[in-house]
Protein chains: 2
Amino acid sequence: MSLRHAVLGLLTKGPASGYDLLKVFDVSLSNVWPATQSQLYAELGRLAEAGLVSVSAEGPRGRKEYSITGEGLAELRHWMTDVEPARVMRSDMLLRVFFLGQIDPGQARDYLRRQGEFATGQLERMEGIRDLVEKGQDDLSVYGRIALDYGLRLGQAQREWAEWAEKQIR
Amino acid sequence: MSLRHAVLGLLTKGPASGYDLLKVFDVSLSNVWPATQSQLYAELGRLAEAGLVSVSAEGPRGRKEYSITGEGLAELRHWMTDVEPARVMRSDMLLRVFFLGQIDPGQARDYLRRQGEFATGQLERMEGIRDLVEKGQDDLSVYGRIALDYGLRLGQAQREWAEWAEKQIR
DNA sequence: ACGAGACATGTCTACGTTAGAAGGTGCGGC
DNA sequence: GCCGCACCTTCTAACGTAGACATGTCTCGT
């Protein structure tokens, strides 16, 4: 149930409509917590009903602009400081690794190579983003930069792992 | 829908009952693809109905032992070679990082420190497992070892990231 | 004046996951 | 002999996610 907190978090940067949030999700949070449009609108509705956000303005085309309330802010902070992050990791990429013995060594190496290449591609993409964001010094940039760095470091580790793993298979 | 393939993969190592598989999940696959008991039994039922596994023996207490069929093996291999792994990564740990500006710097540093400590703990746990498994040379050990190494490398990267990130906050 | 495309919200269905209760059977130890 | 525990399965309810579908409005360029 973290979509709720993702929405609250984004609303701390100012009021926004469902449509606005959707766009922000796509460019910033999608790598960390993807969300579809139907999820977003539904969550905004629930959030409003629970009093964690309020409709602060209505615009053309039925646009509703939501603002975070004091209660919402409190809930966000509570979640950040008192709720332990869920540590479940699910990876069908890694699941396949367990069963690599089922296919022949050449195919297994191919598989690992593809994972390495994928990581490399991701890295390039993230480096591009890093260079773009480099300049900003606001909260969003500072912490967005830290989150990005997480992706960068993990991507590197994954690439190195894939290269190493490929060599393990004879 | 990878639970299905996790089950098929485990059954390549020999026939097993739902109960057996549950135990194997807990000790080996749970870090990669957790599953609950109800999920497992339900999946076995669907798998049997689809002809990917068959009931090869019935034991006491209504025990049903499932074996993978040729069709099941084919499906597993198809999944491994032809289906691209899903790349969605969802992390509420990282989601919080985006909003670290909402709490005060001391708390933010605490948060990052806890993430580093958690990674360290995980690493120790995984190193213990590695030392235990070290000896085996069967497929399971070889590829299990490679999967474990993934965890090890990512854990290290995460720990280093957390330590670095903590220093970024003034 | 009009049409294309962006803006904007909402509903529905299906599926996979989680959590827990409920209910029965065989086995080993005392 | 019997008691407790491990074994083993089934079912239900709720939740979160994914994607399609439906619907309507405003704006801008021509």
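This section describes the domains, the chain pairing, the DNA surfaces and selected local elements of the predicted model.

Residues are numbered from 1 along each chain as its sequence is written, while chains are lettered from A and ligands numbered from 1 in the order in which they are written. Because the model is predicted, local features require pLDDT of at least 70 and side-chain atom pairs count only at pLDDT 80 or more, whereas totals for chains, interfaces and linings use all residues.

Chain A is divided into domain 1 (3–82) and domain 2 (92–168), with bounds taken from an automatic or database domain assignment. The C-alpha centres of these domains of chain A lie 30 Å apart. Four residues from domain 1 of chain A and four residues from domain 2 of chain A form the contact between them, two residues being in contact if their C-beta atoms, placed from the backbone, lie within 7 Å. On the domain 1 side of chain A, the residues comprise one nonpolar, two polar and one charged; here Ala, Val, Leu, Ile, Met, Phe, Trp, Tyr, Cys and Pro count as nonpolar, Asp, Glu, Lys and Arg as charged, and the others, Gly among them, as polar.

The same surface serves both copies, since 100% of the contact residues of chain B recur in chain A.

Between the chains, 47 residues of chain B are in contact with 47 residues of chain A. Helix 1 (3–11), helix 4 (70–82), helix 5 (92–98) and helix 7 (139–168) of chain B each supply at least two residues of this side of chain B; helices (H or I, at least four residues) and strands (E, at least two) are DSSP runs, numbered from the N terminus. Helix 7 of chain B provides the largest share, 14 residues. By class, the side of chain B that touches chain A has 27 nonpolar, twelve polar and eight charged residues.

The surface near DNA strand C consists of 24 residues, of which Gly18(A), Tyr19(A), Ser38(A), Ser38(B) and Pro60(B) are the closest; a residue is near a strand if its C-beta atom, placed from the backbone, lies within 6 Å of it. Helix 3 of chain A gives the most to this surface, with five residues. Around DNA strand D there are 21 residues, and Met1(A), Ser38(A), Pro60(A), Gly18(B) and Ser38(B) come nearest. For DNA strand D, helix 3 of chain B gives the most, with four residues.

Within chain B, strand 1 (residues 53–58) and strand 2 (residues 64–68) pair in the antiparallel sense over five bridges, pairing requiring at least two DSSP bridges. Val55(B) stands opposite Tyr66(B) in strand 2 of chain B. Five residues lie between the strands of this hairpin, in which Arg61(B) takes a positive phi near 55°.

Helix 1 of chain B is largely enclosed by the rest of the structure, because eight of its nine residues are buried; buried denotes 20 or more other C-beta atoms within 10 Å of a residue's own, with C-beta atoms placed from the backbone. The buried residues of helix 1 of chain B pack against helix 5 (92–98) of chain A and against helix 2, helix 3, strand 1, strand 2 and helix 4 of chain B.

Notes. Buried ≥ 20, exposed ≤ 12 C-beta atoms within 10 Å, placed from the backbone.
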